[in-house]
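My notes follow in the order I took them.

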Amino acid sequence: TSNKRTLRTLFRPAALFPPVVSKTSPSQKKLLAYHRDKEQQEIINQLLIDRALEVYYVTMDERDEREAAPPFTERRSTVRKYLFIKPLKTLSFQADYLFLKKCVQSNPLIPIQQQWLRSILAMVPQSLMEGRDRELLTEDLLKEIVRDYEKSMQRCVLRRALIKPDIEELDKLEEEAPLPLLPLGLDFSSTWHDSYIKAKKRIISTLHILHPTMKTLLDFGYTAFFNFLVVDFSGSRLKGPVDCKSFKNDASLSCSKAEDEIMSTWYQRVVSLFAQPDALDGVKLNKLEYFGNCVAVLLSNQLKELLQRTTEVFVKLFDPEDRSHLPLFKLDLTYEENRMEFYPSLQDLEEAILSVVDCIGQTLQNVQMMSAWETGGTATLDAELPAHTVKWAKSTLKKSIRDNLEGPKEHLKGYVESYGWLVDGTAEKRINRFIAEQPSFDEYT
């Protein structure tokens, strides 16, 4: 062999390393996970220490205390040494928890947005916010909302930042109310959107509120009933006193004339409209019943509004605070069976006035429906006055009549006090007793 050094003799032939297959055992996996958790826990400890010490340093009020306090780095190292000596679980002791809780609670909270408060107020009806007392109540409610918000935010931050240790003494020190529970028995699983879409489609397919015929019917009703009343006693005071019987007859005659006028004008226009072939354009045969119901509801609402407005105007005539249109009634002061009283009685007067409300309610109760008119049926529109309107009208009138009759009652009372002894037999008894005593001539005179 030759001793000559060549490249072949200096460098060995290139050879690849054998592949290395890493196989981690379950024990190694646990060890790696433990080291990873430990590193993350150290990071959390460091953040918790820094944050607690920052809060502690910022909340010091006196400058002297700041100057006297040890440097921040020194305090941090001291606390870090203390915390690293003890595991994190040892923070569950009472003193540590209370200190950290105080640090967390001293953090500034995000204030409630004014837009949220305005949105809350927007949902309250305006009628409930009118008046000085209501304004003060609204301010108190807003303050209560702000307090509840801040309290809830503070509790939420505290529960997310710290875990409360299970110590009985700590439960006694912290008398904290439990968090509010969700209302029981309510199902929030379904949304409102699907039901809204179904209702919208049903309204469009059954009510036909956008059909041109409905707009024409609205125009007819507005033109006919805009300045019209079934009974109008606003000029009764100018005619002078009337008796109760004439008052009732006038109301009945006025209702009858008003009904004839409405049937000959407004109703005839409605009938002429449906006599035209284009009145039902766009309405399918299977929807004619729904279309007829929509027409009936619209016409019924127009008649009810007329009767209700007439009732309200009539009730307003007897307002004790405004007697400019108050009707005058003729009452006779009579003497019968040793008694002085009014004729007709005050009870009859009240019944005569209340009967006008019933007379108004009985008007326009036999108006035939369009579907019945076309088919020759007998169905009529629902034009009855609502029960709550009749109840309100009669109760208001009774109070107004009682207030307005205070004057006549005082007038009758004055007559009875002054002259009642002449008609109730008292004077006759005194005369008979005087005669029975056989007085002298001077006593007679």
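Helices (H or I, at least four residues) and strands (E, at least two) are DSSP runs, numbered from the N terminus.

Sources. I noted that this is a predicted model, in which local features need pLDDT of at least 70 and side-chain atom pairs count only at pLDDT 80 or more, while totals for chains, interfaces and linings use all residues. Residues are numbered from 1 along each chain as its sequence is written, and side-chain values use heavy atoms, with hydrogens and water left out.

Entry 1, overview. I read off 19 helices and 2 strands for the protein. I then looked up burial (buried means under 20% relative accessible area, exposed over 50%, partly exposed in between, with a 1.4 Å probe and protein chains only). Of the 445 residues, 26% count as buried. For contacts (heavy atoms within 4.5 Å), I took those with a separation of 6 or more; residues 24 or more positions apart account for 74% of them.

Entry 2, H16 and H17. Two packed helices are described by the angle between their axes and the distance between the axes. I looked up helix H16 (residues 387–404) against helix H17 (residues 406–423): their axes come within 4 Å and cross at roughly 40 degrees. On the scale I used, angles under 35 degrees count as roughly parallel, over 145 as roughly antiparallel, 65 to 115 as roughly perpendicular and the rest as oblique. H16 and H17 are therefore oblique to each other. From H16, the contact uses Arg402, Asp403 and Asn404; from H17, it uses Glu406, Gly407 and Pro408. I sorted residues by type (Ala, Val, Leu, Ile, Met, Phe, Trp, Tyr, Cys and Pro are nonpolar, Asp, Glu, Lys and Arg charged, and the others, Gly among them, polar). The contact of H16 with H17 has 1 nonpolar, 2 polar and 3 charged residues.

I next took helix H10 (residues 212–225) and helix H13 (residues 288–316), whose axes come within 11 Å and cross at roughly 15 degrees. H10 and H13 are therefore roughly parallel to each other. I logged their crossing as right-handed (left-handed if the near helix is turned anticlockwise from the far one by less than a right angle, right-handed if clockwise). On the H10 side I listed contact residues including Met214, Leu217, Leu218 and Phe225, and on the H13 side residues including Phe291, Val295, Leu299 and Arg309. The residues of this H10 and H13 contact divide into 11 nonpolar, 3 polar and 1 charged.

Side chains of opposite charge can pair when their charged atoms come close. With the criterion of a side-chain nitrogen of Lys or Arg within 4 Å of a carboxyl oxygen of Asp or Glu, I found 5 salt bridges in the structure.

Asp382 pairs with Lys304 at 3.2 Å, N to O. Asp382 is in the loop between helix H15 (370–375) and H16 and Lys304 in helix H13, so this pair ties together parts that are 78 residues apart in sequence. Asp382 is partly exposed at 42% relative accessibility, and Lys304 is partly exposed at 22%.

For Lys394 and Asp358, I noted closest N and O atoms 3.0 Å apart. Lys394 sits in helix H16 and Asp358 in helix H14 (residues 346–361), so the pair ties together parts 36 residues apart in sequence.

Lys399 and Asp403 form a salt bridge at 3.3 Å between the closest N and O atoms. Both lie in helix H16, 4 residues apart, about one turn of the helix.

I found a cis peptide bond joining Tyr343 and Pro344, with omega about -5 degrees. Pro344 is in the loop between strand E2 (339–343) and H14.

Which phi value does Leu364 have? Leu364, which is not a glycine, has a positive phi near 60 degrees. Leu364 lies in the loop between H14 and H15 and is buried at 1% relative accessibility.

Gln438 also is not a glycine and has a positive phi of about 50 degrees. I placed Gln438 in the loop between helix H18 (426–436) and helix H19 (441–444), where Gln438 counts as exposed at 68% relative accessibility.

Note on methods
Axes fitted to C-alpha atoms, helices over the stretch in contact; angles between N-to-C directions.
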